[in-house]
Amino acid sequence: MNKKKLHVKTGDTVKVIAGDERGKTGRITAVNLEKQRVTIEGLNLVTKHAKPSAQNPQGGISKVEAPMHASNVALVDPKSGETTKAATRKNSEGKTERYSKKTGEVI
């Protein structure tokens with residue numbers, strides 16, 4: 001599978017626009033470019049059953065953040081707090097920067 005660039009990256013604040021967690025916002029902790037999935041802090045929790053082992057003699061059930069598809073999240077503009085699309089452009093020094101298509105400000 002070919003790796004495509006995503007509209008979001010690690011550390012971005014995003015709003016979930018589809019699925020069970022719709023409407024909630026959170027920070028991206030991990031991005032998987034190959035599968036086009038993002039993991040969001042505190043969202044999309046799934047139950048994992050751990051078998052007792054030497055490291056974890058108790059075993060038990062824990063909640064873990066599961067990745068969701070990148071198309072289900074929208075970037076939140078840090079200044080306005082609204083969802084926006086991101087685009088890239090060259091600044092005056094010739095360096096590439098991401099900017100909000102709604103406001104035109106650098107993200």
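Modeller: Residues are numbered from 1 along each chain as its sequence is written, and side-chain values use heavy atoms, with hydrogens and water left out. Because the model is predicted, local features need pLDDT of at least 70 and side-chain atom pairs count only at pLDDT 80 or more, while totals for chains, interfaces and linings use all residues.

Colleague: What makes Arg98 and Asp12 a salt bridge?

Modeller: A salt bridge is a side-chain nitrogen of Lys or Arg within 4 Å of a carboxyl oxygen of Asp or Glu. For Arg98 and Asp12 the closest N and O atoms are 2.9 Å apart, so the pair qualifies. Arg98 sits in strand β10 (residues 96-100) and Asp12 in the segment before β1, 86 residues apart. Strands here are DSSP runs (E, at least two residues), numbered from the N terminus. By this rule the model has six salt bridges.

Colleague: Which parts of the chain does the pair Glu41 and Arg27 tie together?

Modeller: Glu41 belongs to the loop between β3 and β4 (45-50) and Arg27 to strand β2 (residues 25-32), so the pair ties together parts 14 residues apart in sequence. Their closest N and O atoms are 3.0 Å apart.

Colleague: Why is Glu97 called buried, and why does Arg89 count as partly exposed?

Modeller: Buried means under 20% relative accessible area, exposed over 50%, and partly exposed in between (1.4 Å probe, protein chains only). Glu97 has 18%, so Glu97 is buried. Arg89 has 32%, so Arg89 is partly exposed. These two residues also form a salt bridge, with closest N and O atoms 3.0 Å apart.

Colleague: How do you know where Glu41 falls on that scale?

Modeller: The relative accessible area of Glu41 is 41%, so Glu41 is partly exposed. Arg98 and Asp12, by contrast, are both buried.

Colleague: What makes up the largest nonpolar core?

Modeller: A nonpolar core is a set of buried Ala, Val, Leu, Ile, Met, Phe, Trp, Tyr and Cys residues joined through side-chain atoms within 4.5 Å. The largest one has 12 residues, among them Val14, Val16, Ile40, Met68 and Val73. Strands β1 (13-16), β3 (37-40) and β7 (73-76) each supply at least two of its residues.

Colleague: Which residues is Ile40 in contact with, leaving aside neighbours within four places in sequence?

Modeller: Contact means heavy atoms within 4.5 Å. The partners of Ile40 include Val14, Val16, Ile28, Met68 and Val73, and also Arg27 and Glu65.

Key: Helices (H or I, at least four residues) and strands (E, at least two) are DSSP runs, numbered from the N terminus.
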